[in-house]
Structures are given as C-alpha cells and as structure tokens.
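Reader: I have just opened my first protein model. Could you walk me through a few of its features?

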Amino acid sequence: MLIDTQGARVLFFQDELKGEITPEYFDGAYWQRNNAIIGSAFGRGITWFFKINNDEFVLRHYHRGGLIGKLIKDGYCYTGLENTRAYQEFMVTLQLVEKGLPAPQPIAGQVIKHGLFYRADLITQKIAGANDLVAVLKDRALNQDDYQQIGEMIRRFHDVNLWHADLNTHNIILDGDGKWWLIDFDRCKFKPAADSWKQANLARLKRSFVKELAKDTAFKWQLSDWELLLVGYQN
C-alpha cells in the first residue's frame with residue numbers, strides 16, 4: 001500500500017495504482033461529468049457506483065450516525081492516519097482479501113484534515129450483480145443450501161477472528177454467480193479468539209432478520225430458517 005500526502009489531504013491506495021489515483025477519484029460530481037456513474041444508493045449519505053472501462057467501483061463518504069450525526073455530519077477527531085476509519089477499514093478489508101475471504105477489494109481511500117478533525121472517503125471494488133440479502137428475501141425464499149452457505153461464509157470470517165461491527169442482512173451480498181459475500185468493514189477489527197463475541201455477532205444478525213420481517217411481510221424468512229444458517233456455521 002502507498003501513501004501520498006498532499007498538504008491536508010492524504011491518499012492511500014494499492015501499489016499498482018501509483019500515479020493514477022488523484023483527489024478527483026473521490027468526487028461523485030467528477031464521475032458524473034465523465035458519464036461514469038452507473039448507480040447510487042442512499043443511506044446516511046450518497047454512495048456512488050461508477051465504472052472505468054470494464055471495472056466497477058463503489059465510492060462511499062463517511063457519515064456519522066445517531067444523535068451526534070445530527071450535529072456533526074461527517075467530521076471525526078483526528079489522532080493520526082492509522083486511527084482514521086477509512087484507513088482502518090482499508091487495512092482490515094485488504095487483510096481479509098489476502099486471506100482469500102469473500103470481501104470486496106479495497107482500492108483507495110482519502111483523509112482530509114480540518115484542524116482537529118478529518119473527513120474521509122473510500123473506494124472499493126463493486127461486487128458484480130450484487131443484491132443484498134434483504135432484497136433477495138423480498139424476491140424469493142432461500143433454500144437450505146443457501147442458508148448453509150451463508151452460515152459457512154460467516155464462520156470463515158470468525159475463524160480468522162474478524163469481528164464485524166454491523167453484521168446485518170444488508171451487509172450480506174449475493175453476486176450474479178450465486179456466491180455470498182460480506183461487506184462494510186467500517187469499525188471492524190481482529191479480536192482474540194473467543195466464543196462470546198462470535199455468539200454476540202450472530203445474535204446481532206438474527207435480530208436483523210427479525211427486524212426486517214417485522215417491517216415488511218414480503219420478507220420471506222421464518223425463524224426455522226435461522227437454524228439452517230447455524231447448521232452451516234457449525235459445520
């Protein structure tokens with residue numbers, strides 16, 4: 001990984017992208033002007049999907065959530081590059097990819113310092129034909145094999161002691177080839193091996209299923225499906 005400091009702006013990216021990554025890469029308007037935008041998603045802010053040649057990418061700006069997010073939209077206290085959320089997510093995701101886990105390739109990130117605070121952005125590779133688990137379950141019910149594959153996938157991340165800060169049904173992705181992925185490694189970290197945090201991680205995911213079921217009757221999930229997922233996790 002290379003780091004390029006440009007005054008208050010710090011760029012970091014894969015070595016092979018030296019000389020290619022510029023500040024414009026982190027500006028959605030830049031990709032709009034170049035007719036490269038292929039989609040967007042709205043959450044706390046806009047996530048842009050853009051295409052360069054045949055490669056597709058995701059550009060995400062870091063936004064605060066909760067009550068503090070109403071006061072400070074996207075500023076974080078700066079205590080060094082290695083402590084920024086973008087840099088930490090880049091490094092964790094890179095390690096997961098290097099371990100052969102189904103996580104999207106991190107491409108580049110930027111941190112811009114403003115006095116005691118910073119703002120940040122991250123670019124990752126877009127998963128081809130991606131639909132999150134919520135969208136899939138609104139379209140069709142999953143079979144036993146699907147749930148066992150999801151359970152097995154989560155177990156692989158836990159086996160390398162990756163704690164996912166927001167393990168929920170929106171962060172489990174099915175690609176166009178029928179492969180399951182895990183995304184969004186913001187605030188995630190590697191922890192000492194312990195059943196307690198792994199079980200808590202699973203409990204969070206189960207609550208996400210229950211929450212989506214309560215929100216939408218089109219969500220094709222039932223409690224017995226959770227046991228199928230656990231079979232895959234425990235194998």
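Predicted model: local features only at pLDDT ≥ 70, side-chain atom pairs only at ≥ 80, totals over all residues.

Reader: Which residues lie nearest the centre of the largest pocket?

Author: The largest pocket holds about 1100 Å³ of space, and its lining is made up of 36 residues. Strand S3 (37–42), S4, S5, helix H3 (85–98), strand S8 (117–125) and strand S9 (131–132) each give two or more residues to that lining. Nearest the centre of this pocket are Thr47, Arg60, Asn171, Ile183 and Asp184.

Reader: How many residues in the lining of the second largest pocket are nonpolar?

Author: The second largest pocket has a volume of about 240 Å³ and is lined by 15 residues, including Leu17 and Phe57. S4, S5, strand S7 (106–114) and S8 each give two or more residues to this lining. By class, the lining has 3 polar residues, 3 charged residues and a nonpolar group of 9.

Reader: Is Asn53 buried or exposed?

Author: Asn53 sits in the loop between strand S4 (46–52) and strand S5 (55–61). Its phi is positive, about 55°, although Asn53 is not a glycine. The relative accessible area of Asn53 is 70%, and the cut-off to pass is over 50%, so Asn53 counts as exposed.

How values were computed
Residues numbered from 1 in each chain as written. Heavy atoms only, no water. Helix = DSSP H or I, 4+ residues; strand = E, 2+ residues; numbered from the N terminus. Buried < 20%, exposed > 50% of the residue type's maximum accessible area, 1.4 Å probe, protein only. 1 Å grid on protein atoms, 1.4 Å probe; cavity = no way out; pocket = protein on both sides within 12 Å on 5 of 7 lines; lining within 4 Å. Points joined across faces, edges and corners; volume = space filled by probe spheres on them. Nonpolar A, V, L, I, M, F, W, Y, C, P; charged D, E, K, R; others polar.
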